[in-house]
Amino acid sequence: MGKKNLRISLLGAGTVGSGVWSLLQENADLLYAQTGCRFEVRHVLVRSLDKPRKAPIPTELLTTDAQRAVLDPEVDVVIELLGGLEPARTLIEQALQAGKHVITANKMVMALAGDRLITLASAQKVRLLYEASVAGSLPILTSLQGALAGNRITRVVGIVNSTTNFILRTMEEGLEQGTPAEDSYRIALQKAQELGYAEADPTSDVEGYDAQYKMAILARLAFLQYVPVEAVYREGITHLSGRDMVWAKRLGYGIKLLGTAERLPDGRLNVRVHPTLIPLENPLCVIRGAFSGVWLQGNGFQEMSFHGFGAGARATASAVVGDLIEVARHPKPLRFEDPSLRPGETAPIESLTMRYFVRLSAPSEDALRVLREPLQTLGAEFHPSETLEQGVEQVALTPPLNEGEFQSTITRIRDQGNGTTKVIRLL
């Protein structure tokens, strides 16, 4: 940038903000060697000046004045780590309008308002980078826009929410250690909250919103097509039971919350997030704990996977600092329109053909037979039923079926039957 110092305003000093501060201090010499710049933090925006912090940030840098942090004419880069839609979106917009480069880890902002902010950054001739918004430390967005940009991507499948990955694996471990199936989800969620992987209100993670935002961003960059968040099908993990885990393992599968984006033969793009049964030998199935993983298919490299720690201060801070290095090396933005904002048609999940795992529970064999009959007409393969304290349970795997037609059948079963019907899609 022609400067010995790159001056920064850090918006937020929570988990990720503290991690960024720590990395900037610990790796100062390395960053100078990589860029020829010294990174100077001028402001750290916080909600309270008196709150204890995880990093020893000098008190003279702390401020509760957002406008001072964002609009200081001496600041070159604003790093937004506040989270949530507002005030983050407004502050990013103000920074861009003021001619500042912006780095953000905010998947909600980039999924819901990314098109507007990217266009604004281009008009202001500044950089807007957001690698940290998807999959923690994995350099997936940078790769799609750099080393892999010459490939036509055909499919993206990923574990992009490490919190749910931790919960699902903890459920499996609990069952192996004797945890009652009906308690496995509650206990696993509680452990995730105790370790700081899940928030006190875990809705964004466990209901799939976090993964939905990330898949909208990931699909846009992979397929060079703007993807509205509402076009991404979303289903979380709260309806899963330990009994699903037990049956999946018996059948040679694991359960993951997967995000999938793929170009269909008719040219439309489908993007979806939902629990998925995947074979135990699949590389994504062995990704454990608070880790993320993304698997890509393309017409050049054929197949490629990314795997790494997806949660916590250090993982996300690593991606933020990587973007900071990119700004220091290449401060001038692209001189042409961002290709990922091109319009295109998306396909609803109802247009897809998939296989399904169906778990039927009923108070008696007669009631189970009523639930089973419509699935038998679809060619479902049933496994022997099992008697439990609450009644009878049976699982089936279907052949490939149209999603819309299959869900209509499931609705009829639920309406007419005396029991419960749980469905999980297969990879």
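**Figure 1. A salt bridge between glutamate 235 and arginine 425.** In this predicted model, local features need pLDDT of at least 70 and side-chain atom pairs count only at pLDDT 80 or more, while totals for chains, interfaces and linings use all residues. Residues are numbered from 1 along each chain as its sequence is written, and side-chain values use heavy atoms, with hydrogens and water left out. The closest N and O atoms of glutamate 235 and arginine 425 are 3.0 Å apart; a salt bridge here is a side-chain nitrogen of Lys or Arg within 4 Å of a carboxyl oxygen of Asp or Glu. The pair links distant parts of the chain, 190 residues apart: glutamate 235 lies in the loop between β8 (233–234) and α11 (242–250), and arginine 425 in strand β19 (residues 420–426). Helices (H or I, at least four residues) and strands (E, at least two) are DSSP runs, numbered from the N terminus. Glutamate 235 is buried, at a relative accessible area of 17%, and arginine 425 is buried too, at 4%. Buried means under 20% relative accessible area, exposed means over 50%, and partly exposed is in between (1.4 Å probe, protein chains only).

**Figure 2. Other salt bridges in the structure.** The structure holds 26 salt bridges. Side chains of opposite charge can pair when their charged atoms come close. Another salt bridge joins the side chains of aspartate 266 and arginine 268, at 2.8 Å from N to O. Aspartate 266 is partly exposed, with a relative accessible area of 48%. A network of salt bridges links Arg243, Asp244, Arg250, Arg359, Glu386 and Glu393.

**Figure 3. The open sheet of six parallel strands.** The strand order is β3-β2-β1-β4-β5-β6. Two strands pair if DSSP finds at least two bridges between them. At the edges stand β3 (62–63) and β6 (128–129); each has a single partner strand, so one side of each is left without a neighbour in the sheet. Strand β1 (residues 5–11) pairs with strand β4 (residues 77–80) in the parallel sense over four bridges. Isoleucine 8 has valine 77 in β4 as its bridge partner. Helix α1 (residues 15–26) packs on the sheet and touches β1 and β2 (38–45), its direction making about 160° with that of β1. Contact means heavy atoms within 4.5 Å; axes are lines fitted to C-alpha atoms, for helices over the stretch in contact, and angles run from 0 to 180 degrees between N-to-C directions.

**Figure 4. Strand β17 and its antiparallel partners.** Strand β17 (residues 391–397) is mostly covered, with seven of its seven residues buried. Six bridges join β17 to strand β14 (residues 356–362), where arginine 359 stands opposite valine 395 of β17. Strand β15 (residues 381–382) is joined to β17 by two bridges, and phenylalanine 382 stands opposite alanine 396 of β17. Strand β16 (residues 386–388) pairs with β17 over three bridges, with threonine 387 and valine 392 as bridge partners. Two residues lie between β16 and β17, which form a hairpin.

**Figure 5. The hairpin of β11 and β12.** Strand β11 (residues 291–298) is joined by six bridges to strand β7 (residues 153–159), and the two run antiparallel. In this pairing, glycine 293 of β11 is the bridge partner of isoleucine 159. β11 also pairs with strand β12 (residues 302–309) in the antiparallel sense, over eight bridges. Phenylalanine 291 stands opposite phenylalanine 309 in β12. Three residues lie between β11 and β12 in the hairpin.

**Figure 6. The largest nonpolar core, with 80 residues.** A nonpolar core is a set of buried Ala, Val, Leu, Ile, Met, Phe, Trp, Tyr and Cys residues joined through side-chain atoms within 4.5 Å. Residues with the most contacts inside this core include Leu96, Leu128, Val156 and Leu218. Its largest share, 10 residues, comes from α10. Leaving aside neighbours within four places in sequence, leucine 218 is in contact with Ile140, Leu141, Leu144, Val156, Val160 and Val294. A second, separate core of 33 residues includes Leu6, Val46, Val320 and Val327.
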